[in-house]
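User: I am new to this structure and would like to learn how to read its features one at a time. Could you give me the general idea behind each feature and then the case at hand?

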Amino acid sequence: MSLRLSTVILPYRRWHEGGRSAWTRAEQLGFHTAYTYDHLSWRSFRDGPWFGAVPTLTAAAAVTERLRLGTLVTSPNFRHPVTLAKELISLDDISGGRITLGIGAGGTGFDATALGQEPWTPRERADRFGEFLPLLDRLLTEDAVSYEGDFYSAHEARNIPGCVQRPRLPFAVAATGPRGLALAARHGQAWVTTGDPKLFESGTPEQSARALRQQGDRLADACAAIGRDAGELDRVLLTGFTPERSRPLESVDAFVDFAGRHRDLGFTELVVHSPIPDSDFAADEKIFERIAMEALDQLKE
């Protein structure tokens with residue numbers, strides 16, 4: 001099974017002070033896709049610079065030619081399907097059809113309360129996501145949409161001419177629970193996971209592999225329930241949140257070993273964080289670049 005290698009570029013640098021060069025370098029290194037987080041701020045970066053995902057991706061589209069671009073991930077926490085659809089159609093047009101929307105139910109961080117609301121419970125997040133994603137699907141594929149739901153509404157929302165990619169740009173749906181996996185099976189072109197968060201602190205790589213295999217099996221069951229071939233979905237692992245943490249980026253050999261094991265679990269795309277000094281994503285820049293340029297070729301040997 002072939003494997004693609006992608007990266008995440010966090011939007012913490014001013015565009016003319018390293019932001020632009022990070023995206024052009026990602027293309028030069030041959031990454032399949034460069035994603036960015038779609039948050040209002042995030043964890044330890046909360047008190048420092050942090051820029052918006054859609055403007056950042058728009059700028060990245062203007063300075064790259066081949067690199068796919070995307071969010072990893074967007075959520076309902078501070079988004080509305082009607083306005084998001086308009087931004088995505090515009091972004092897909094500007095990029096020449098190179099956008100992937102990573103999307104999930106959202107979490108409990110700063111985004112969950114930045115608009116002044118109380119954090120939603122897991123059930124409330126699942127309920128909203130279950131309405132958000134199908135409506136966004138319609139908005140990106142139909143010229144005019146009217147809808148009245150429990151959480152979201154659209155009144156003759158126009159989205160002409162639609163996406164460059166047909167019938168719409170691809171969805172990479174982040175999910176591990178049954179309702180999210182059902183949405184991935186019905187609406188996704190890819191499925192995204194970070195592994196089992198309960199194993200991050202004290203789990204082992206072997207336990208993580210079992211958990212990832214079980215998640216993949218549940219995705220296959222969700223596809224079978226609607227008569228869809230699970231092989232139609234790409235399987236994306238956002239690395240850095242399994243028990244291995246950043247160790248796969250310590251050497252090319254370490255990454256090849258990690259990548260081979262996860263390819264054997266059925267993953268078709270691995271996403272690594274571009275190095276950020278003095279953070280959880282600190283890594284040797286030269287080793288990172290060697291991984292980008294050499295690791296996949298070694299897997300083929």
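Analyst: Let us begin with angles between elements: axes are lines fitted to C-alpha atoms, for helices over the stretch in contact, and angles run from 0 to 180 degrees between N-to-C directions. Please keep in mind throughout that this is a predicted model. With that reading, helix H8 lies across strand S1 (4–8) and strand S10 (269–273), and runs at about 160 degrees to S1.

User: Which strands make up the closed barrel, and with what pairing?

Analyst: The general idea is that in a regular strand the side chains alternate between the two faces of the sheet. Here, eight strands in the order S1-S2-S3-S4-S7-S8-S9-S10 form a closed barrel with parallel pairing. Direction ignored, neighbouring strands of this sheet are turned against each other by 25 degrees on average. To look at one pairing, strand S3 (residues 68–74) and strand S4 (residues 99–103) run parallel and are joined by four bridges, and Thr-74 has Ile-103 in S4 as its bridge partner. Helix H6 packs on the sheet, where H6 touches S8 and strand S9 (234–238), and the direction of H6 makes about 150 degrees with that of S8.

User: In which sense do strands S5 and S6 pair?

Analyst: Strand S5 (residues 144–148) and strand S6 (residues 153–158) pair in the antiparallel sense, over four bridges. The two form a hairpin with four residues between them, and Ser-153 in S6 is the bridge partner of Glu-148.

User: How should I read burial in a helix, and which residues of helix H5 are buried?

Analyst: An α-helix has 3.6 residues a turn, so residues three or four places apart point the same way. In helix H5 (residues 178–187), the buried residues are Gly-180, Leu-181, Leu-183, Ala-184, Ala-185 and His-187. These buried residues pack against helix H4 (122–141), strand S7 (171–174), strand S8 (190–193) and helix H6 (205–225). Leu-219 counts as buried because its relative accessibility is 0%, which is under the 20% cut-off. Not counting residues up to four places away in sequence, Leu-219 touches Leu-181, Ala-184, Ala-185, Trp-191, Leu-233 and Arg-235.

User: Which residues of the largest nonpolar core touch the most other members?

Analyst: That core has 66 residues, and Phe-31, Leu-136, Leu-140, Phe-255 and Leu-270 touch the most other members. Helix H4 gives the largest share of this core, seven residues. Leaving aside neighbours within four places in sequence, Leu-140 is in contact with residues including Ala-85, Leu-88, Cys-163 and Phe-171. Another core, of 19 residues, lies apart from the largest one, and Tyr-37, Val-73, Ala-172 and Leu-238 are among its members.

User: How many aromatic pairs are there, and how is a pair read?

Analyst: A search of the whole structure finds 10 aromatic pairs. The ring centres of Phe-31 and Phe-288 are 5.6 Å apart and their planes stand at 35 degrees, so this pair is tilted. It links distant parts of the chain, 257 residues apart, with Phe-31 in the loop between helix H1 (19–28) and strand S2 (33–36), and Phe-288 in helix H8 (residues 285–300). Phe-31 is buried, with a relative accessible area of 7%, and Phe-288 is buried with 3%. Tyr-37 and Trp-42, by contrast, form an edge-to-face pair, 5.0 Å centre to centre and with 75 degrees between the planes.

User: What should I look for in the backbone itself?

Analyst: Most residues other than glycine have a negative phi, and most peptide bonds are trans. Against that background, Ile-160 and Pro-161 are joined by a cis peptide bond with omega of about 15 degrees, and the bond from Arg-166 to Pro-167 is cis, with omega near 0 degrees. Pro-161 is found in the loop between S6 and S7, and Pro-167 is in the loop between S6 and S7 too. Turning to phi, Arg-43 has a positive value near 45 degrees, and Asp-278 has a positive value near 55 degrees. Arg-43 is exposed, at 61% relative accessibility, and Asp-278 is exposed, at 82%.

Notes:
Residues numbered from 1 in each chain as written. Predicted model: local features only at pLDDT ≥ 70, side-chain atom pairs only at ≥ 80, totals over all residues. Heavy atoms only, no water. Buried < 20%, exposed > 50% of the residue type's maximum accessible area, 1.4 Å probe, protein only. Contact = heavy atoms within 4.5 Å. Phe/Tyr/Trp six-rings, centres within 6.5 Å; stacked < 30°, edge-to-face > 60°. Pairing = 2+ DSSP bridges. Core = buried A, V, L, I, M, F, W, Y, C linked by side-chain atoms within 4.5 Å.
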